[in-house]
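Here is a friendly briefing to read alongside the model. Have the sequence and the 3D view open as you go.

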Amino acid sequence: MDYFAQQAINAIQLGSIYALIALGYSMVYGVLVMINFAHGDVFMVSSFFCLLLLLFLPVPFVAALIIVMLATAILGVAIERLAYRPLRNAPRVSAIITALGCGLIIQNTTLSLSPYSQRMPELFVPVTWNFAGVTVSSLQLLIIGVSVALMVALDFFIRRTRYGMAMRAIAQDRMTVPLMGIPVNTIIAMTFAIGAALGGAAGVLYASAYPVISATMGVLVGWKAFVAAVIGGIGSVRGAVLGAYVLGTVEVFTVTVLPSTYRDLVVYSLLLVILVFKPYGLLGRPAVQKV
Amino acid sequence: MLKLLALLASVSFPLVLAGCGRPDADTVKVGMNIELTGDIPAVGASSKNAAELFFDQLNEKGGVTLADGAKKVSLVIRDNAAKADQSASVTQQLISSQDVVAMVGPNSSACAIPAGEIAETLKCVMISPWSTNPKTTLDQASGVPKRYVFRGCFTDPFQAIVLAKFVSNDLGAKKAAVLYDVSSEAPLGQATLFRDTFTAAGGEIVAFETFTTGDKDFSAQLTNIREANPDVIFLPTYYNDVPLIAQQARRLGITAKFIGSDAWSSPEIIKLGGADVDGSYFCNHFSTQIATDEAKKFIADYTAKYGQAPDDVAALTYDACGLVTEALKAGGKNDREALREAFAQIREYKGVTGTFRFEPGSGDPIKSAVVLQIKDGAFQWVTNAQP
């Protein structure tokens, strides 16, 4: 029993981190119908921002989280302004390739500045509790807590504020929305800022949980989060969160009941099965064809 | 724009010509195909440093004496990014267009195996300083030794025996768990061989878990291992993955000792792993603490030049360069076939990592291993293991 409880905690921790990154993919897709493949590398570089910050200025956890989220948001907006906005009306393939290119530029810039893996200093010393054989650390609770808080705040923002409404409006009809006096460019920049900031939060939490960071780590985690966003229904914010927890749970529990070699096989087979029965993901809605 | 391109072309054209002009009669080119970027950059850096040290020393003494006079040796260093495909294309490029007489590297088995296939086809000697996987020097289809591929280190079957014996005899462990990267050639081979030899020696493998390259979360596998309650955990994985595994294991309350392969040997493991890897044991090629006189000189020269002690990749690369030079000298000319024939005749070579013995027809040297412990932020020599 304690064995399954332990694995459940592992699954929630992993799912929370996937969720924060998956949200970045899903938000941008929802608003621009574009897959921002640079997002995994934005997440990666945010953990390096955190490392730099701590090396020069050992601030407490909350301050580090906020500063890194801001810095990453600025990076996200800059990428949108420089690379994506000029291509907004270009064929979709061009935008996707540009995103891949941006990701590679970020990754290789980081790689040239820091070819070696780096050890992340501890943001705080985690306390470990043992409940009847189940080990829980304060770090795990913090990761889960911060992720859930950010996700709830985002959900509130999108559903209950005017800016959130503007985002949803652009997602529905980008051509008509400017006629209503909504500043499309500002709202799109805001979407990128929020998406990148969540990636930044994920970077800080990830680097605290897995404190050896490298320039190439964004690739695999980015892909997994993208898969999570697709499972949940890309474009749907709640879907991304659901997809991420499904992915984390399936990854961990496959290892629990089967030899660990089957993990990725099971995960990606599941992805296919879900998409066969729910082509738009668990919570996605079919796109309405406009004539 | 066009003007700019024309200007660039006119400037670069003579450079290109100069680059591929007729081979300089007074130098011999040796290629290096190493892991300068990618997941294990510390390996490439050590390899590059050691080779540059070796050939600088050689050239200062006048170079290598061939039938038509003394030649300087120049290195052509290329990065394989620790990727199999790039390693293959680098091999192709070094041999076909750079005109090297022999190639040193790659170091990781994942890179060395495909590179060996190409070197064999193109008939150019390749020596991998650090690849321990048996497949590197064997023909994939027939299983017979390749003609042109050699290595400068012991092989995984030997390493597995050393570790299995050490774990059961010296540490008295009965139950072992294994966690390894199933998508990387060297760890896969080492894990399987360790399982077989440890079981044969009367031990029990209580958990045999895998992950794939790039994973950072091992909590699910480690929770399985915690359930199995092993005495030791064997982690045949590169130095960059070990610290995260060790840390997550300790956070889950696992107290078993970690056991590693030679893939651990970079000092980076101490920097990245800190207290979590302290007390672990691993099998290695070389220890600075039991150095011979030649080795002491190498360690002193290396430390003077680069400000840090050489790790085993550095020492093995130094010996691999020594073997190539030995064969070049014995062959007597700047020619791949002559070098190959001379290399195959080498029976014994005294290097800084110990004595190499080659059996006729095999590219794998017979040499001893050491077991080291990570203790107080340094590698401490524990014991020697003879073949």
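Predicted model: local features only at pLDDT ≥ 70, side-chain atom pairs only at ≥ 80, totals over all residues.

Residues are numbered from 1 along each chain as its sequence is written, chains are lettered from A and ligands numbered from 1 in the order in which they are written, and side-chain values use heavy atoms, with hydrogens and water left out.

**Interface of chains A and B**

- On chain A, 34 residues are in contact with 35 residues of chain B (heavy atoms within 4.5 Å).
- Together the two chains bury about 2,700 Å², with 50% of it on carbon and sulfur atoms (accessible area lost on being put together, 1.4 Å probe, summed over both parts).
- A:Tyr116, A:Arg119 and A:Val212 supply 20% of the area that chain A buries against chain B, more than any other three residues.

**Salt bridges**

- The rule finds 3 salt bridges across this interface (a side-chain nitrogen of Lys or Arg within 4 Å of a carboxyl oxygen of Asp or Glu).
- A:Glu122 and B:Arg251 meet through their side chains in a salt bridge, at 3.6 Å from N to O.

**Sheet in chain B**

- An open, antiparallel sheet of 3 strands has the order β12-β13-β14 in chain B (strands are DSSP runs of E, at least two residues; two strands pair if DSSP finds at least two bridges between them).
- β12 (348-351) and β14 (365-366) of chain B each have a single partner strand, so one side of each lacks a neighbour in the sheet.
- Strand β13 (residues 354-358) of chain B is joined to β14(B) by 2 bridges, and B:Phe358 has B:Pro365 in β14(B) as its bridge partner.

Note on methods. Helix = DSSP H or I, 4+ residues; strand = E, 2+ residues; numbered from the N terminus.
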